[in-house]
Amino acid sequence: MIVLNAKKFLYCAIDYKEIEEAERLLCIISHAIGGIKLGLEFFISNGINGVNRLKKFNLPIFLDLKLHDIPNTVSEAINAALIAKPDFISVHINGGTEMLKIISKKEETKIIGVSMLTSLDERDLVSLGINISIPDYVKRLVKLASECDLEGVVCSPNELKMLREIYPKDFVLITPGIRLENSKKNDDQKRISSPGDAIKNGSDILIIGRPITRSKDPLFAIQNIQDDIIKKSKR
């Protein structure tokens, strides 16, 4: 696999409360990334108007709301969010079959299921009374998402290779928990990978926030990420 345009894989997590701060960063990096990920922190502070305001950067938008509620509530929430016409919206797969089926297949927006958060590990499953391995748990969740016609999932780098062997290329795999191998890990992500390894194992989109947004030189950080993708794609 040779990656000619590494930037297309990079969606920067723009999780700022202040939209002006988001705009300042995007003015610097928008030409070097493939899309924007907007999470709850941004959305609660800025709402639909904030999403629309960032459309001027002409980048795909992943509205990462991780919705999880009774089916009607989630359906109406998605209908409200569709006013902004994001490219992707996320929901928790463990919201269940009825919730997933009522929200699947939107014309202009792909519904993406969140499997198991990258901040969780085996001990968290045990504490929740889930007595199966992480790969088996994720596999069950993703199978449900696929059966309910969702168009992709968010998964950790650890499950990428397994899922890509099962699901076709048009089933979107979105991957958070991306860290360069030489960077210090000092945050809440437990199941992580380098950018290049994640792409090599089948990821379509890498969600990368703090390694870029907390860098003194965001463009240099992005270049390092792209270099890692290109280097490992040539192995």
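This text leads through the nonpolar cores and then the salt bridges of the structure above. The model is predicted, so local features need pLDDT of at least 70 and side-chain atom pairs count only at pLDDT 80 or more, while totals for chains, interfaces and linings use all residues. Residues are numbered from 1 along each chain as its sequence is written, and side-chain values use heavy atoms, with hydrogens and water left out.

In soluble globular proteins, nonpolar side chains tend to be buried together. A nonpolar core is here a set of buried Ala, Val, Leu, Ile, Met, Phe, Trp, Tyr and Cys residues joined through side-chain atoms within 4.5 Å, where buried means under 20% relative accessible area, exposed over 50% and partly exposed in between (1.4 Å probe, protein chains only). The largest such core has 64 residues, of which I14, L38, V91, L163 and L206 touch the most other members. Its largest share, seven residues, comes from helix 6 (residues 134-147). Apart from this core lies another, of 11 residues, including F88 and V172.

Side chains of opposite charge can pair when their charged atoms come close. Counting a salt bridge where a side-chain nitrogen of Lys or Arg lies within 4 Å of a carboxyl oxygen of Asp or Glu, the total is 11. In one of them, D64 pairs with K66, their closest N and O atoms being 2.6 Å apart; D64 is buried at 7% relative accessibility, whereas K66 is partly exposed at 29%. In another, R123 pairs with D121 at 2.9 Å between the closest N and O atoms, and here R123 is exposed at 63% relative accessibility, while D121 is buried at 9%. Salt bridges with shared partners also join D15, K37, D64 and K66 into one network.

Key: Helix = DSSP H or I, 4+ residues; strand = E, 2+ residues; numbered from the N terminus.
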